[in-house]
Amino acid sequence: MPWYKRLMGIDRRILYIIMVVGITVPMFSPLGLPVPEDVVAQAAYDYISNLPAGSNVLYSYDLSASGMTELKPTSDVFIDLSFQKGHNVYLMALWAEGNNFSSLWADPIAEKHGAVYGENYINLGFMVSFSAFLEQSRSDLHAALNGGIDKMGDKLSDFPMMKDVTKAADFDAVFSFNTGDPGPTAWIQQWNATEGIAILSACTSVSTPTMVNYYQSGLLKGNVGGLAGSAWSEFLHGTKGSATGGMDSQSLGHVIIILFLILGNIGYFASRAAGDVK
Amino acid sequence: MEAILTPTLGNWLAALVTLMLFSILYKENPLYRIAEHLYVGASAAHGIVTTWNNTIKPAMTSMPTKGTWWEIIPMVVGLLIYFNMYRPYAWVARIPMGFWIGYNAALVLSARQVIPFLSQMTTAIKPLVAMTNGSFNLTQSINNILFVSIVLGVLIYFFFTVEHKGIFKYAANYGRLAIMIGFGASFGNTVMARISLLIGRLTFLFGNWLGLL
Amino acid sequence: MRRTLPAAITLITGLIVILKDIFISPAFNKLVQDYLVRSITLSTATAVGLGGISLIRVHSRRVARKREGWYNSIILIFGFALLMILGVVLEGGHNSPTYNWFYQNTAVAGSSTVFSLLCFYIGSAAYRAFRARSLEAGALLISASVVMLGSTSIGAAISPMLPKAKVWIMDYFNTPVIRGVALGVALGAFAQGARNLFGIERGYMAE
Amino acid sequence: MTPFMQNISDGLRPMLEGWLYTSGNFGLTSTLFLIIYVSALLIMVKNARTGGSMPKVRRIAGLDAVDEVVGRATEMGRPVLYSPGIGDLSAADTLASFNVLGHVAKLIAKYDARLIVCNRQPNVQPVTESVVRAAYFEVGKPDAYREDDVRFLTNDQFGYAAGVVGIMNREGVSALVMFGLFYAESLVFAEAGNQAGAIQVAATSSTSQTPFFIVACDYCLIGEEIYVAGAYLGQDRVRLATIVVQDWGKQFTLAVIVLGTLVSTFVSITGGKGNMIIDLLKLY
């Protein structure tokens, strides 16, 4: 068999093994490459840090477990930032799975800051029908929140921080950690378009181009895109978390994929030169 | 129950499911099938359970206390969908279908959707001759020309009733080439997210499960 | 009756929603909100079991007839029944620790795993399908490579131009392309909505 | 904003406030656009029904492939797997998918081949069932319809993907037809489909997923093409008429952008500020 045919016919399972090895090695011994700058993530960070103390910031966990690696570092940074700045932190989820993560990720940080549930932060739970929630909350937020209860099923009217927050427009900003729809698009269409509420987002790098597009159109105030964005917000916040470490595996992974691409093409052009394919 | 279902045992179960599903990379095999069926069954139940606990149960318990008896009507309308399984009366199921499609089609076609559309249109407008502080900015001008021409080329590519001939042919081909470059960029930009996912899973296997990290 | 009634329901429901979006009358808005939107939520919720019934029907038949792979169907039914029972019977339902233990370690673990398969598939797709067969395919390939290199620290180490080239491609190719496509998609979606609303397309009612 | 437009906008505001669309937005251009667009659409439909002349729709390669792929599957005697995507009824792509499904189901019924439909949304399931059943009925083979082949898998995005991959491998699917809203699972379907030896045709309006379909699938539709699929495949005059209106919309968009760019360029050269076209659009 000519060499180029062999090159074109490498078993995909060999490729898979190379990828696993390449991505795993830096997890055990990091290379320590620098973090690239991200202006759109910077915009998000600046927007939240410039909100005055006492602002009502709603963090919505519109994500599934798949977004964990990319979004948890960002959630850690921004929840911490909001507590630092003295914002009122509201947590909720448009995705059922996100409902677990809102507590799992935010509660330890609230504890660290000594925040009081119901006064400094509250978890509003999961909204089954996002479109109904986004619509109804514009006039009656409490009724829209599962009929007026928080995640644990306690009455919202019993919490001090819910007293003056009765409709969507009472929020100063919405930050959506998202892995798809419903996510920023829904927030923009329902809350930004109608009530003019500032929307920010942290997304996986798949949705980054779309979100950057929204940012440039002024629909989003900022966006933390993927692990790179997370790593940059960790840098801004002065922490070195899992995002900063993961960037090394990223570099190697990218190089491997580009090598595959080149190998495939060398094989292709060589066999084309030999007249085997058109 | 919690005494038996410890986090460690949980990690073992999750790791087993993870490895069995990864085995599809080698080829389709009995282990993959077991994990696949378990996953599909459990997650299908989850969808029903959450809907029951979050929507139906609260609605039914609040009927006597709040007097929202009218809510029985939409629930019955929803139940009509089950006629779809009984052939002679399958047409009855069209009533809830018609209701849902009407509502959702209107969401697709509302003024609310037109606003982002018009807003996107305004952001496609850029000066072809860019000036910075009163003097001509060549780079920005070229970039702006590129930007506007691509938007126009792409729009022309999607003309369906105009035959792609003459100037339209060139414009559409230009649009299509731009689409390829633009989408190639999207592809390249996604690799990062995908590697992140694998990092997440490997962190689970090596860290949470085996405790090596 | 069999066609006109559903079509009429579609049209009336749709027009109410559209009118509500155009004219703001607080009273009308609240009425639509409290009744129509709520009705959609409730009717969709009661219909959710249909999916489960379909799934279980297929698999119980497979078990009953001992078709190939019937033991897998038993596993599926087991997983389904377990979470259904736990989620309905246990106090706290799907928020209870026992339920969560099963859900997290089967479905959530499965979800993350299948999602992470994408990393491998991107690798094999890059090798198998990314070939410069034509000008267009070549353009796709080159812009993908530049953006890939430009996103990482290694790209910046190879040449400081790469991250800049990445940003340039994203800003002046990716953004206008997505914008152009999105403008067309929006117009197409409006037309699609109108076709369904006015009953021009109703394939589900042909019988 | 130009002073002139500012005056107009200030003058209109009290008249419109509390009536049109929202507090934050005017709702003027959006409402106007909507009314004109829908009216044009309805007029064209009426025109088509009364037999007016219709412009020809250009060829769309990805759509021509649908018939070919189904034909090939029939020859091989292996089933075709159809996925309506993962969106629910609120996605325009899902609504568009039903028409394509109807067309595919009719072809399959005609050739006595086998069609497997996999669903992710509980409320999409009954609609796809009706569409397929109706297609078999229309072809005159209502008894050939197998209810077990229109399946619901699970509401979970990747559970659905895992299920589809399994079915693809076990049933020896020869072709994978994907029309609808797709997210990250797009590449799982495309690559796993390729490894299972299936030909793929895909269409989605999602700009983030189209790149994967372009790279990994045999045939791929881009963006708006999915919304013309039903009419194109069915070659139905009435629906084709609505495509003309979609094109008018694009021509209008194009004209506005060209005009706006000219004004913007003029303003930029003369050192002025604002752009009337943008201001006018912003009365949305």
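Predicted model: local features only at pLDDT ≥ 70, side-chain atom pairs only at ≥ 80, totals over all residues.
In which loop of chain A does Asn146(A) lie? Asn146(A) is found in the loop between helix H7 (141–144) and E4 of chain A.

**Stop 1: Asn146(A)**

Select Asn146(A) and inspect its backbone. Although Asn146(A) is not a glycine, its phi is positive, at about 50 degrees. The residue is partly exposed, and its relative accessible area is 31%.

**Stop 2: the cis peptide bond**

Next, select Asp181(A) and Pro182(A). The peptide bond that leads from Asp181(A) to Pro182(A) is cis, with omega near -5 degrees. Pro182(A) belongs to the loop that runs between strand E4 (173–178) and helix H8 (184–195) of chain A.

**Stop 3: chain A as a whole**

Now select the whole of chain A. Its secondary structure consists of 11 helices and six strands. The C-alpha trace spans about 75 × 40 × 35 Å along its principal axes. Chain A has 278 residues, of which 63% count as buried. Among the contacts in chain A with a separation of 6 or more, 75% come from residues 24 or more positions apart.

**Stop 4: a salt bridge within chain A**

Select Asp80(A) and Lys112(A). These residues form a salt bridge in which the closest N and O atoms are 2.9 Å apart. Asp80(A) lies in helix H4 (residues 68–84) and Lys112(A) in helix H5 (residues 96–112), so the pair ties together parts of chain A that are 32 residues apart in sequence. Are the two partners buried or exposed? Asp80(A) counts as buried, at 8% relative accessibility, whereas Lys112(A) is exposed, with a relative accessible area of 61%.

**Stop 5: where chain A meets chain B**

Show chains A and B together. Here 37 residues of chain A are in contact with 33 residues of chain B. The area buried between the two chains is about 3000 Å², and carbon and sulfur atoms give 65% of it.

**Stop 6: where chain C meets chain B**

The buried area is about 10000 Å², of which carbon and sulfur atoms give 77%. How many salt bridges are counted between chain C and chain B? The count is two. To view a salt bridge between these chains, select Glu136(C) and Arg176(B), whose closest N and O atoms are 3.1 Å apart.

**Stop 7: from chain A to chain C**

**Stop 8: from chain B to chain D**

Select Glu36(B) and Arg170(D), which form a salt bridge with the closest N and O atoms 2.9 Å apart. This pair also crosses between chains: Glu36(B) is in helix H2 (residues 30–66) of chain B, and Arg170(D) is in helix H6 (residues 157–170) of chain D. Glu36(B) counts as buried, at 3% relative accessibility. Arg170(D), by contrast, is partly exposed, with a relative accessible area of 32%. Remaining in chain D, select Arg114(D), Arg146(D), Asp149(D), Arg151(D) and Glu171(D), which salt bridges with shared partners join into one network. Over all chains, the count comes to 33 salt bridges.

**Stop 9: Gln235(D)**

Finally, select Gln235(D), in the loop between helix H9 (229–234) and helix H10 (237–270) of chain D. Gln235(D) has a positive phi of about 45 degrees although it is not a glycine. The residue is exposed, with a relative accessible area of 51%.

How values were computed: Residues numbered from 1 in each chain as written. Chains lettered and ligands numbered in written order. Heavy atoms only, no water. Helix = DSSP H or I, 4+ residues; strand = E, 2+ residues; numbered from the N terminus. Buried < 20%, exposed > 50% of the residue type's maximum accessible area, 1.4 Å probe, protein only. Contact = heavy atoms within 4.5 Å. Buried area = accessible area lost by both parts, 1.4 Å probe. Salt bridge = Lys/Arg side-chain N within 4 Å of Asp/Glu carboxyl O.
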